[in-house]
Amino acid sequence: MPSQGVRILIATRPVDFRKGHDGLAALVQSALAEDPFTGTVFVFRAKRADRMKILYWDGSGLVMAYKRLEDHGFTWPAIRDGAMTLHRAQFEALFAGLDWRKVRALETRRPERAE
């Protein structure tokens, strides 16, 4: 998985899970008006709530991952057009099959400069 500072977007509308790397990259450009080659992590849901695909550019190629939960479904955001941003901790909860809505990012301050 990419580093901590990466942007994570979830496409809130279900997509056709027959799509591969190129089909999802085209969807990122057309439906989300984003560039799939920036390093942003794009998360897609199927009509069935138990499946997700992830697409991101790692600098040398498009990486696609697929996950299916066995016992229950993912907690997805409401279905609407566009995408929503998740913090990394929220994404990790979603990926684990937990309720990402209960996860809040810690607010951190820049350390004071020692003199």
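These exercises walk through a helix, a strand and several salt bridges of a predicted model.

Residues are numbered from 1 along each chain as its sequence is written. In this predicted model local features need pLDDT of at least 70 and side-chain atom pairs pLDDT 80 or more, while totals for chains, interfaces and linings use all residues, and side-chain values use heavy atoms, without hydrogens and water.

**Exercise 1. Find which residues of helix H1 are buried, and state where they pack.**

Solution. 
- Take the terms. Helices (H or I, at least four residues) and strands (E, at least two) are DSSP runs, numbered from the N terminus. Buried means under 20% relative accessible area, exposed over 50%, and partly exposed in between (1.4 Å probe, protein chains only).
- Go through H1, residues 21–31. Leu 24, Ala 25, Leu 27 and Val 28 are buried.
- Look down the axis. The buried residues of H1 fall within an arc of 155°, so they line one face of the helix. The arc is that of the directions from the helix axis to the C-beta atoms.
- Recall the general rule. An α-helix has 3.6 residues a turn, so residues three or four places apart point the same way.
- Turn to the face away from the buried side. Asp 22 and Ser 30 are exposed there.
- Look for partners. The buried residues of H1 pack against strand S2 (41–45), strand S3 (51–57) and strand S4 (62–68). Contact here means heavy atoms within 4.5 Å.
- Step past the helix end. Just after H1, Ala 33 takes a positive phi of about 55°.

**Exercise 2. Describe the surroundings of strand S2 and its pairing with S1 and S3.**

Solution. 
- Check burial. Five of the five residues of S2 are buried, so S2 is largely enclosed by the rest of the structure.
- Sort the side chains. Val 41, Val 43 and Arg 45 point one way, Phe 42 and Phe 44 the other way.
- Pair S2 with S1. The two run parallel and are joined by three bridges; two strands pair if DSSP finds at least two bridges between them. Ile 8 stands opposite Val 41.
- S1, H1 and S2 make a right-handed β-α-β unit. Right-handed means that, with the strands pointing away from the viewer, the path from the first strand over the helix to the second runs clockwise.
- Pair S2 with S3. Four bridges join them, and they run antiparallel. Phe 44 has Lys 53 as its bridge partner in S3.
- Count the link. S2 and S3 form a hairpin with five residues between them.

**Exercise 3. State how many salt bridges the whole structure has, and examine some of them.**

Solution. 
- Set the cut-off. A salt bridge is a side-chain nitrogen of Lys or Arg within 4 Å of a carboxyl oxygen of Asp or Glu.
- Take Glu 34 and Arg 7. Their side chains meet at 3.0 Å, N to O. The pair links distant parts of the chain, 27 residues apart: Glu 34 in the loop between H1 and S2, Arg 7 in the segment before strand S1 (8–11).
- Take Arg 88 and Glu 92. Their closest N and O atoms are 2.8 Å apart. The two are four residues apart in helix H2 (residues 88–95), so about one helical turn separates them. Arg 88 is buried at 18%; Glu 92 is partly exposed at 41%.
- End with a network. Salt bridges link Arg 48, Asp 50 and Arg 51. Asp 50 lies in the loop between S2 and S3 and is buried, at 13% relative accessible area.
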